[in-house]
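Hi,

Here is the structure I said I would pass on to you.

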Amino acid sequence: MDSITTPFQRQLYRLPWSTTDNPIGWVEITDICNIHCDGCYRLVLGEGHKPLQKVKDEIDFLIKWRNCDGISLAGGEPILHPHIAEIIQHISGRGVKSLILSNGYALSEDLLRKLKKAGLTGISFHIDSTQTRPEFKKQKIAKESDMDALRLECAQRLKKVGGIYSHFGITVNRDNLHEVPDFIQWGVDNMDVVNGISLITHRGLPVMDGVDYHAGGRKIDMKEDTLGYTITPDKMNVASVSSKEVYAVIKARFPGYDASAYLNGTMDHGSMKWLIGNLITDNKGRVFGAYGSRTMELAQTLHHLWFGKYLVYPKVKMGRRIFFMGLFDPKVRSAFKQYLGHCLGNPLRFLHPVKAIGIGVIQAPDVLPDGRIDMCDSCPDMCIHDGKLVNSCRLDECRKFGMLLNASVGSEQAREALERQRPGVTEQALEQH
Ligand code: SF4
């Protein structure tokens, strides 16, 4: 038996979100897209753009049942929806924030101005090396940094229009894991136009001998192209990075980095499905430290007390005021000491703006060696299908088979193969950081 140590989770704040009191609701407004991404969760099933009234009904349902602070609009590529401005207007009319998840390709300045007028809160851009994009004449992109110029162009377009939060996300797999710190450094270097970064680990349902899937009692003939998120044995190693590994890679480059909050798995008590943090940085690319659990706890609790709902996509720019949190939060206190030491070395540095950049790591579904599927507990990205809340990452199972599938693992080889792709970072290794 392991010696008794404090789990990594205990150092962090467990976000208090639940199915019916959750700051995020997710609406898929189209299944049409204008680029291709490896590991995309959505199949084009010919449903096209969702009718405007249906989108509004889904938004109202989520606000009513989830107590949302923000609605995420996804797809497909949401900005292709002909009524995107009216959809944003409907959300802001309900007093809720809106976030569009976009690949940025069709986002013109004109459209941005319309969206801003409609009350858009932010855009989360998905631009990464797993994509086949028209800007690159459909050629595969070799490395993450090849996309930095395009990312910056999108961020600057947002800055020009003003008042819209910008977020950048990539899919992390074994091939680009080593590039994660450079991607974060890019965000830090461009802190005047980048508000947050998300790192979503590539996941899927394995298609292999010995693993069967059922919809109710009906066996599914699962093939590589049955769903957009199937993983064949040759790709299992690439799609096996855990959020703890991502954490360790970031920590190795930025010792001041820490996560402050998490969501665990529904099945595996040790898994970290969401790992949220904020780096405190200046506009010269210098990292001073990070928020600790106390800052997150206070932000969530006070927001719930004051506004009656948990917080997402904060609009307030804290700047140097964040250091007041050092009164309650030892991690911010230590960031403040770093900052002070840095500025006393050259007092002109007091003039450099300070900002916190959000870093979110998400480890999507894992099929465990015993066939159970480990999801994000209190899944924030739930959408509606047929009047029921379902995890949006597995929506296509509902679209194709009417329900989420169950998996069963029937051979020792399959069990071993699934075991081999389990997270490669131990609790002890995390504690050493
Ligand atoms: S379980 Fe929910 S939060 Fe987690 S990856 Fe799936 S949709 Fe996203």
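**What I found**

Asp57 comes out as partly exposed because it has 14 C-beta neighbours inside 10 Å. The cut-offs behind that: 20 or more other C-beta atoms within 10 Å of a residue's own make it buried, 12 or fewer make it exposed, and anything in between is partly exposed, with C-beta atoms placed from the backbone. Asp57 sits in helix α1, residues 52–66. From Asp57 to Ala155 it is 98 residues in sequence and 31 Å in space, C-alpha to C-alpha.

Before I go on, the ground rules. This is a predicted model, so local features need pLDDT of at least 70 and side-chain atom pairs count only at pLDDT 80 or more, while totals for chains, interfaces and linings use all residues. Residues are numbered from 1 along each chain as its sequence is written.

**The whole protein**

There are eleven helices and 22 strands; these are DSSP runs numbered from the N terminus, H or I of at least four residues for helices and E of at least two for strands. A compact globule of 433 residues would have a radius of gyration near 22 Å, and the protein agrees with that at 21 Å. That radius is taken over C-alpha atoms, and the globule rule is 2.2 Å times the number of residues to the power 0.38. Along the principal axes, the C-alpha atoms fill a box of roughly 70 × 60 × 45 Å. Of the 433 residues, 45% count as buried. Take the contacts between residues at least 6 apart in sequence: 76% of them join residues at least 24 apart. A contact here means C-beta atoms, placed from the backbone, within 7 Å.

**Back to α1**

Val55, Glu58, Ile59, Leu62 and Arg66 are the buried residues of α1. They cover an arc of only 100 degrees around the axis, so they are on the same side of α1; the arc is that of the directions from the helix axis to the C-beta atoms. Their packing partners are β2 (24–28), β4 (70–74), α2 (84–93) and β20 (382–385). On the face turned away from that buried side you will find the exposed residues Gln53 and Lys64.

Asn67 counts as partly exposed, with 18 C-beta neighbours inside 10 Å. Asp386, in the loop between β20 and β21 (388–391), also is not a glycine and has a positive phi of about 55 degrees. Asp386 is exposed, with 9 other C-beta atoms within 10 Å. A cis peptide bond joins Gly75 and Gly76, with omega about 20 degrees, and Gly76 is in the loop between β4 and α2.

**The ligand**

What is the make-up by class of the shell around the ligand? Eight residues are nonpolar, two polar and two charged. Among the residues around the ligand are Lys273, Asp381, Cys376 and Asn391, each with its C-beta atom, placed from the backbone, within 6 Å of it. Nonpolar covers Ala, Val, Leu, Ile, Met, Phe, Trp, Tyr, Cys and Pro, charged covers Asp, Glu, Lys and Arg, and the others, Gly among them, are polar.

Cheers

Notes: Two residues are in contact if their C-beta atoms, placed from the backbone, lie within 7 Å.
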